[in-house]
Amino acid sequence: MLNIKYELAKELKAKPAKDKPLGFGKITTDHMFIMNYTEGKGWHDPRIVPYQNISLAPTAMVFHYGQTMFEGLKAYRDESGHTRLFRPDMNAKRANKSNERLCIPEIPEEDFVQAITELVKVEKDWIPTEPGTSLYVRPFVIATDEFLGVAPSKTYLFMVILSPSGAYYASGLAPVGIWIEDDYVRAVRGGMGFAKTGGNYAASLAGQVKAHDDGYSQVLWLDGVERKYIEEVGAMNIFFVINGKVVTPMLNGSILPGITRDSVLTLCRSWGYEVEERKISVDELIEAQKSGAMTECFGTGTAAVISPVGKLRYKDDVMTIGDGGIGAISQKIYDTVTGIQTGKLPDPFGWSVVLD
Ligand code: PLP
Ligand code: COI
């Protein structure tokens, strides 16, 4: 249990206007959580302070070798005014899987969740309530040792910042076009694809720029060895409906084990749908689209929620999925996941944690 010190802001910022789209990740709230790690002392000095810049030496290791971990989850205000988090225990567990891969010290799960909970409680007036909006929570760790050698740092900062956000994609909830990248790769087995760490996203940028230049929202990555099997999208896991079955790539060490992915699999199984986690080749997708067997495609992620994919491009093939709009299964999943997250629907799995 953390003994958090509070230094509250003397002046509060103006809240965003309700009639303008929030976009994603552009605004921060009044406060942040911060805690230090020092070898031999462990995690110490947990505090909630006014949101502020941090000062680091140019030699701070994070700038050079990318020893960092981040997470993403959301807080919602339900219709009775209660604050809810969606499966924060899963973020705590995944944070430590990433930490372990990056040689960052473990953060006790209960401390990770407590840091988020206490900060969100302080900032609850920042939770937007318009449809499709929420308070995005970004916990992260950076290596702070002042040293240019390559080695795990002996000091770190763990911070949590908050951002009232709306739709992740500029197109809002309209189906997105996705570019299947056939040249660059994001991660390989044995690498750190399963971890949520900056380097994976840095590796994705050149492909993303290419995709954007061609009018596509994001990249769908292929496996790093054969460039043949579907992995995941830049900021979400990917699902297909093929012959009525819900199909998604299995977890193989090079893709992120998404919390939304896990929730969608659990829901679909509970509805009696046939669900497969397996290898999916890009050739299979092309065939399934041509034969009409692939009727839906959607991405899943905290920021992206459930994002229908209307179009997939692979080399010279541009595949329209279904009628290019949102499919019936995708819609049902979207309605159920967001219904549970916002407390509008019953929560049979106990995923939605009420804070106050
Ligand atoms: N894959 C990548 C690369 C991501 O960045 C994300 C977003 O967090 C996801 C998948 C989806 O994970 P989650 O559902 O836990 O947000
Ligand atoms: C999230 O969905 O929480 C993410 O971290 C995606 C992100 C890279 C914007």
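Before you click: residues count from 1 along each chain as its sequence is written, and chains are lettered from A and ligands numbered from 1 in written order. In this predicted model local features need pLDDT of at least 70, side-chain atom pairs count only at pLDDT 80 or more, and totals for chains, interfaces and linings use all residues, while side-chain values use heavy atoms, without hydrogens and water.

**Stop 1: the ligand.** Select ligand 1 and show its surroundings (a heavy atom within 4 Å). You will see 17 residues, the closest being R94, Y201, E232, T260 and T302. Now zoom in on the oxygen atoms of ligand 1: a polar side-chain atom of Y201 lies 2.5 Å from one, and a polar side-chain atom of T302 lies 2.6 Å from one. Taken alone, ligand 1 exposes 380 Å², of which the protein buries 97% (Shrake-Rupley method, 1.4 Å probe).

**Stop 2: two ring pairs.** Next, pick F24 and Y168. Their ring centres are 4.9 Å apart and their planes are at 80°, so this pair is edge-to-face (centres within 6.5 Å; planes over 60 degrees apart are edge-to-face, under 30 stacked, the rest tilted). Move on to F349 and W351, whose centres are 4.7 Å apart with planes at 25°, so they are stacked. W351 is buried at 6% relative accessible area, whereas F349, at 33%, is partly exposed (buried is under 20%, exposed over 50%, partly exposed in between; 1.4 Å probe, protein chains only).

**Stop 3: a ring cluster.** Finally, select F33, Y37, W43, F112, Y156 and F158, which ring pairs link into a cluster.

Methods: A polar contact is a pair of N or O atoms within 3.5 Å; within protein, one must be able to donate a hydrogen and the other to accept it, and residues adjacent in sequence count only if both atoms are side-chain atoms. Rings of Phe, Tyr and Trp (its six-membered ring) pair if their centres lie within 6.5 Å; planes under 30 degrees apart count as stacked, over 60 as edge-to-face and the rest as tilted.
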